[in-house]
Every structure is written in structure tokens, then in C-alpha cells.
Amino acid sequence: MPSSWESSQVRDDSCRNLSVKITHDFLILPEHSEFSTNLRTSAKGNSDDMETAVIYVIILGVISAATGQQVDVEPEVFSYPGQTVHLRCALINAAGNELTQVTWTYEPKEGNRTNIAVFRPNNDPHYPDSPVKGRVSFSPSPPNLDSPSIQISDVRMTDEGNYICSISTFPAGNRQGTTSLVMLEEVGKVTVTATDPVEFSSVSLSCFVSSGSSLSFLWLNGSSEVTASDRVQLTDGNTTLTIVSVTRYDQGPFRCHVFNAVSNGTSAPVNLSISFGPENINLTKSPSQDYYVEGSDISLLCSAVSRPAALFNWFLNRVPLSDTGPELRLINIKEDQSGNYSCQAFNNKTMRNETSQPSIISVLTRVSNVTVTASSTDLVEFSSVSLFCSSSGSSLSFLWLNGSSEVTASNRVQLTDGNTTLTIVSVTRYDQGPFRCHVFNPFSNGTSAPVNLSISFGPENIHLTKSPSQDYYVEGSDISLMCSAVSRPTALFNWFLNRVPLSDTGPELRLINIKEDQSGNYSCQAFNNKTMRNETSQPSIISVLKPIVNASVTSSPNQPVEGNSVKLTCEAAGSVFARKWMKDGADLIQTGRVLSFQSLKKTDSGKYSCNISNPVSSVEAEYIMVVNYGPENVQIKGPSTISLNENLTLTCSAESTPTANFTWKLNETKILNNSAVLTKHITDLSDSGEYTCEAMNRITEKTSSAVHGLTVTQYLPGKHGCLSAGAIAAIVITICFIAAGGAAGGYCIYKKKNKKDPPPHNTDDQKINTF
């Protein structure tokens, strides 16, 4: 049967013309079957016979559908260059069918389908011209209905695409299945790099592969997989393992396992040498005693956990000794060698040190000659007095007694100089004593003779009242202020306005026909000419008010900068009763004349207002604060690779108030000032390098920069010495249409020249520096 379409016309007076097309690809009949002979005869006869042929065709379709035949292929096959790929194809439910033709077709990702292998029974396999000719063959050859599979040897990256297995059988008809061949590059040598860290620092391990594609990365610690956690970070597509705050137990061994669908590889193990310590320092003395007799020999030993081993220094009462090493020997010890001994361990790798708890060495003599002296025994109440205790002996402890009760430290009582000095601050009439000093050591004790104090006191409990009692007064009012106090002898009284003395004396002050300028804080002071002390009353506010005017808010400095301090000062004329600060209409907690910012933030920008009020008026002053900041987040936008004779445009941006000024550098050489956009015609390969954009804020006087890597190549895309891919495609399509009218079995062959990929470049070509 011919492979081209055959048409026969079926005519019926009562029906429209029906065109029945029978294709070799759809229906293949055995040459000598009775069914085939009848169908061919019917196709050549009259219209009645033609109707019979149509019915036969319909019956064949029903038979084909009933058989439930399907082509079984693998949906996806992975391989890498140089391998032999087996593409399996089998017809399910093939029993009772006769193979008429097997065709394998290659469909690249870009381009037209191409037949690569054809087989018909009683003929040798045919391999048309194709990209895989010479490397493709049936397996087995010749194929059979059970397995018309093929194999492709020495596969290449360009062999990737869809492979379609089409099987024609009789009477089932035509079936096909598609397998996608995915080409991968084999995993090359895997290596891991790392540095030896100090404990609690961070360490990064980087995984490198010499070659491979579609790679996945997995980290192992010993035989366990490493997963991300609070301390473990996996970044850059799992190629970088970072351990934050590394500990001595994170030493590994670490390995990097790299794999794709066709291969895998694992790096050699890497062990981290982690320096740590010193810690758990321990100081022991031998023999271990609380007290020693002069002439004794004592050995002090110091140890600590450390890698590398720690160096040791010794201290007496926190003063460094010349001795070093883990042991300090005290031979024929003297009393003046008593004290607190400690050792310090130092690790010259971690640069850390740790000091031991002190070990007390006490060489004792007996207590004798305990005496107490006072700075004064005739005291005025609320003055201070100090009592001093002295004694002979060593390693002495001191205890003070008031009557039979022990004296302990408090707000008014200070015990200093190893408890040898008792100081009573602001002594009262109840602190007269008797005081004694008790001295002791483990072998003996002694107590001084009693000491009594004579104390004078007053004035106290001063009290100030005003009549009439009001918060505010109108100009012209009469006011009487009365002052009283407990004092021995009777106190003398003086008066103050805003802490400035007035000429008035005595327990009463009368204010007649008061004026606004007499407003203020009135207080009285009681004076005792025996104790030479005085006591001042709490102030009594006398307020005579007028409306508030001339309110204002000023800034110091007047150009606020992020991170610096600034003060907003609220001023007004008149009697100020209260100030309230607001930002953007919302109340602030701060009150008072000055609103201080210790370290400005960008979010502190806004409208600030100060409301000044008294009971008779209220005025609000405003200030718009703009916080100057930056520059920060400097970024450069533009290509990272470019060809010769092309124009380069790089655009620099930064967050800054006010707007930053920009300076450009190429490989640290300044090339442009005061422009955010750099335009340059590329004329030489030396234009490659690091383009730095430096942003500067004239007010904050800060700079920040970004670096953009640029690679200049000689590769000129689209300028090959041959036709473009579009022109070739147009020519091939025209030839294919002409060939369609030619003899059957002709082939239209189209090969597309692959463009050479441009050289790879580093995508991590932008770095940010902030000054």
C-alpha cells in the first residue's frame, strides 16, 4: 500500500458526498489477507462497494479500540556525555497483531522533528540522516513487536530532547509514546575548604565541584546529615555551611555530598581544630589549712581546661607576682605574706583568660592593745562622727557594739577599712552609745573600753502655711504666710522668694496688694544658733497669672543627624504652668522645657508641638524636624558583562536625606563626580574591573559605597560569519514545502548551528561598604 494519502469518493443521492481517507500510518493491511483484498476491491468498484469499504474501515476502528493497545515507554531518561542510552518501547496487549512499521522520531527542544530509525518487516532497519546517525540502532536489531527499542551510543549534550516511538500494527492501527532524554554533566571532584575557628566564633565551610550540572548539595557530620537550625545556616544553594557560635563539639568530620540524576561525589572529610578555654580554673593549696604558723612551707597548684594548654600567672591581693607556671611554692612563709592568692590562666590562641577564686593564706599573731578613738565626742545632730579601732595582731576581725547590740551597716552607718572604722552619717540624739570595739582572730580576742557621745539637735519639723489658701491669685490680693519649727533653742526665721533671701524676718510674712512679679516659690528657714543648723520649709507657690505669649520651639543643633543627639527647647513669655509635648498630633511622655534625643532615628522625623498653659491661657508652638541620615543601601544597576564598542550605563542609588552626592571610580581611580549615572563607551578590555560608586551626605558627612564587577569581552552576539538562525529556518521551510510534492520517502534535513555561549561571569559582583 502506498504511503501517501489515497482518496475515494462515496456518492449517495440522498446524502452529501463523503470523503474517506485511508493513510498508511493509520491503517496497514496484510498484503494477502482476505479482508485486505475485499477492501481494495471495494475501493475500486461502484458506490455500493465503496459503502462496504467504509463499513470495513469503521469495523477496523472498533476492533482497534477494543484491543486497548498502548505504547509503553519511559517518560524520562537521564544520562551524561559518552554513555550509551537505551530507549525502551513496547506495545501492551500486542497479541493477535501484526507489526507493519516502527518509526523513531527525534524532536529537539528547538527545531523540527526528524526520523532517526525506521523498520518494516522483511526490510532492513533504515537510519535516515539525523544528528544521531551512526550512533543509533535498534535493540534488538531487527526489532520485534514485543520490543522495538533503540539505543544511542556516545550520547552528547545536544542529543537532549523528545524521542517518539510510533508503532503501526494490523489490525490495531497506529500507536505512539514519547520519552524525554535529559542530558546532565557528570559530577566532578568535590572539595571542601574551611578555617580553624575559636570557640563561640562563626565558621563557614564551602563546597566546590570541578564540574557538573543540575547539582544538589548535602552536608554530613560523620554519618549524619546536617540540617539548618538556630546555629546552623545552609546558604548559596547549600554550597556553604555556616556554624554560628561554634563549640568544641562541632569538630566534625564534615563532608559535602554532591549529586544529580546520573552521578554523585563526596569530598574528603574535614575536621575543625577548635580552640577553647581556659575554663573550670581550679586553685588548690597543700597542706590545706585555714591558718599557718610563720616558717611553714605551702604549695599552690593551678589547673584549667584549655586548648592549647594555658599559661599561668599568680597574684597576691590582686597584685601580680613574678612567679609563673602551674605551681607557686611559698617557702618559710612570713606574716607579711598573708593575703588572698589567686592564679590566672591565659590561652594565647583564643586570647581569653580566667582568674581563679582567691585562696586565703593567713599567718597569725595574738590580739592585744584594743583601743577606740573618736573624731569628736561633742556632736551636733545630723553631723557625722567616726570611731576608729586599733589593735595589735594579725588576720584580725573587727566588730562594733552599741551597748550590748552589734552595729551593722545601713544607710546611716558605714563600716570601712576592714570594719576598723565606724562612721555614723547624720547622727541623731539617739546615737549616744556606749560604743565598744571587739577584735578577734581564730586564736584570741579583745574588747576596748566604752566610748559615749554628747549630741545637740534642732531645728526640725518646719511647717509653712498661707492664708487664704489658693492655687492662683489675682493681682492686688493680700496674703499672709506663717512659719513654725521644733528647735532647741527657739529658731530664728528668715524668708525666701525663689530661694533668694528677703529682708523680712520673724514667723509671719504679709504680702499686701501683690503683683505678678511677686509670683514664685516662698519658703522660710529656721536657724538654731546652738547647733548652727538651719532647716528650710517646703516651698509654697504664690501664682499671679497673665496670659502666655511668644511661644516657640527651637532645635539645637539646627541640622539633626541620625545617631546624634538633639534638643528641642520650648520657650514662652508669661507665667508657665505646664508644658505638653506632641509628635504628629500624638502625646509624648516627655514634659518640660527641653525634649532630648540621645540617638536620633529616621522615624524621629515629624511635626513636634509644645503646648504651654496656665489656668488662664494656653499656647502651642510647632517645629518640623527632618532627621538627616545616610547614605545607606547603596546599589548599582547595570550589566556585569559587555562587549567592546558598546555603551555602558551604570546607575547608582542610595537612601539619604538630603540627597547624596555620587563619585565614580574604576579600580580605585576616580572617573566621575556629582552624578548618579555613569555612561561610558567601552573601547578596551582594560575597562573591565570594579566600578565603585561612593555616595556622600554633605550634612551627615558620611560616605557609603557599592562595588560593581564588569567583564569586557571580545564576543559580539549575532555577528557570526554565516546566516542567522532565522534566515536558515526560512530557507529550510521553503525547501520542505517543495519536497512535499516530490517522491515519497524524501527527507527535509535542517541543522541549526548552536551559538557559542558567552563566557561565564561572577554573579556575585556587587559589594556594599558603609563608612
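Strands here are DSSP runs of E with at least two residues, helices are runs of H or I with at least four, and both are numbered from the N terminus. Now widen the selection to residues 566–573, strand S48, which pairs with S51 in the antiparallel sense over 4 bridges. Two strands count as paired if DSSP finds at least two bridges between them.

Stay with S51, residues 594–597, and color its two faces. Leu595 and Phe597 make up the covered face, while Val594 and Ser596 form the uncovered one.

A word on what you are viewing: this is a predicted model, where local features need pLDDT of at least 70 and side-chain atom pairs count only at pLDDT 80 or more, while totals for chains, interfaces and linings use all residues. Residues are numbered from 1 along each chain as its sequence is written, and side-chain values use heavy atoms, with hydrogens and water left out.

**Zoom out**

Show the whole protein next. Its secondary structure comes to 3 helices and 62 strands. There are 771 residues, and 38% of them count as buried; buried means under 20% relative accessible area, exposed means over 50%, and partly exposed is in between, using a 1.4 Å probe and protein chains only. The protein exposes about 42500 Å², with carbon and sulfur atoms supplying 49% of that area. These areas come from the Shrake-Rupley method with a 1.4 Å probe, and for residues only the protein chains shown count as cover. Among contacts (heavy atoms within 4.5 Å) with a separation of 6 or more, 59% are between residues 24 or more positions apart.

**An open sheet**

Now find the open sheet of 4 strands, whose order is S16-S15-S19-S20 with antiparallel pairing. Its edge strands are S16 (224–225) and S20 (264–266), each pairing on one side only. Then select residues 216–221 and 254–259: these are S15 and S19, antiparallel strands joined by 6 bridges. For one of the partners, pick Asn221 and look across to Phe254 in S19.

**Loops to visit**

Pro253 sits in the loop between strand S18 (240–243) and S19.

Another cis peptide bond links Gly433 and Pro434, also with omega about 10°. To find Pro434, go to the loop between strand S35 (421–424) and strand S36 (435–441).

Next, select Phe200, in the loop between strand S13 (190–193) and strand S14 (203–209). Leaving aside residues up to four places away in sequence, Phe200 touches Ser245, Val246, Thr247 and Arg352.

**Backbone angles to check**

Most residues other than glycine have a negative phi, and most peptide bonds are trans. With that in mind, center on Phe382, where phi is positive, near 80°. Phe382 lies in the loop between strand S30 (378–380) and strand S31 (385–392). Phe382 is partly exposed, with a relative accessible area of 37%.

Your last stop is Asn667, in the loop between strand S57 (661–666) and strand S58 (669–673). Asn667 has a positive phi of about 50° although it is not a glycine. How exposed is Asn667? Partly: its relative accessible area is 41%.
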